Amino acid sequence: MRRAVYPGSFDPVTFGHLDIIERSAKMVDELVVGVLHNSAKNSLFSLEERVNMIREMTKDIPNVRVESFDGLLVDYMSQIGANIIIRGLRAVTDFEYELQLAQINHVQNEEIETVFLITNLKYSYLSSTIVKEIASYGGDISKFVPAELIDRIYAKYN
Ligand code: PNS
């Protein structure tokens with residue numbers, strides 16, 4: 001059974017993330033979307049909200065499971081029996097951080113490999129931070145996130 005984890009903050013999930021989920025789910029038997037519970041990071045959405053949004057948006061992909069995790073990614077992966085990490089690469093600017101993450105994870109557990117998917121060109125500019133910035137000014141976010149999530153995002157700024 002080839003089980004991979006796509007880890008992240010997903011605060012909130014965007015079309016860019018959903019594109020990576022759809023594409024990577026085709027490459028493995030099971031894809032676990034691992035939503036990081038990071039108490040140090042001030043997230044806009046609670047852990048439960050972030051998990052639920054991704055669950056709703058991926059309900060039609062049978063081999064995708066959405067869970068939260070706390071602590072080190074490598075420990076979580078050992079617990080659930082996964083050895084592939086999926087990450088999206090948007091541009092060269094992502095590379096340095098992603099390389100470091102992949103290497104640190106591999107040093108901690110040599111069985112773990114990171115697979116990078118190149119973000120679809122049409123989402124290469126997109127990030128959760130950009131979505132939040134635009135929403136905070138009441139701007140149009142319909143090109144960045146699914147329609148079902150738009151009101152939930154605006155509601156955080158009212
Ligand atoms: O969406 P993000 O915030 O870029 O995702 C970062 C994430 C969740 C992949 C990374 O912060 C992570 O794996 N955190 C868990 C703690 C850990 O294992 N850190 C890596 C070694 S320092």
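## Ligand shell

Helix α4 contributes the most to the shell around the ligand, giving 3 residues, where a residue is near a molecule if one of its heavy atoms lies within 4 Å of it, and where helices (H or I, at least four residues) and strands (E, at least two) are DSSP runs numbered from the N terminus. This is a predicted model, in which local features need pLDDT of at least 70 and side-chain atom pairs count only at pLDDT 80 or more, whereas totals for chains, interfaces and linings use all residues. Residues are numbered from 1 along each chain as its sequence is written, and side-chain values use heavy atoms, with hydrogens and water left out.

The shell around the ligand holds 13 residues, of which Gly8, Ser9, Lys41, Leu73 and Arg87 come nearest. By class, the shell divides into 8 nonpolar, 3 polar and 2 charged residues, with Ala, Val, Leu, Ile, Met, Phe, Trp, Tyr, Cys and Pro counted as nonpolar, Asp, Glu, Lys and Arg as charged, and the others, Gly among them, as polar.

## Polar contacts and burial

Taken alone, the ligand exposes 550 Å², and the protein buries 73% of that, the areas coming from the Shrake-Rupley method with a 1.4 Å probe.

The elements that give two or more residues to this shell are β1 (3–8) and α4 (92–108).

## The loop between β1 and α1

Both Phe10 and Pro12 lie in the loop between β1 and α1. Phi of Phe10 is near 50°, a positive value in a residue other than glycine, and the peptide bond from Asp11 to Pro12 is cis, with omega near 0°. Most residues other than glycine have a negative phi, and most peptide bonds are trans.

## Salt bridges

A search of the whole structure finds 9 salt bridges, each defined as a side-chain nitrogen of Lys or Arg within 4 Å of a carboxyl oxygen of Asp or Glu. One of them joins Arg23 to Asp19, with the closest N and O atoms 2.9 Å apart. Both residues, Arg23 and Asp19, belong to helix α1 (residues 15–25), where they are 4 residues apart, about one turn of the helix. Side chains of opposite charge can pair when their charged atoms come close.
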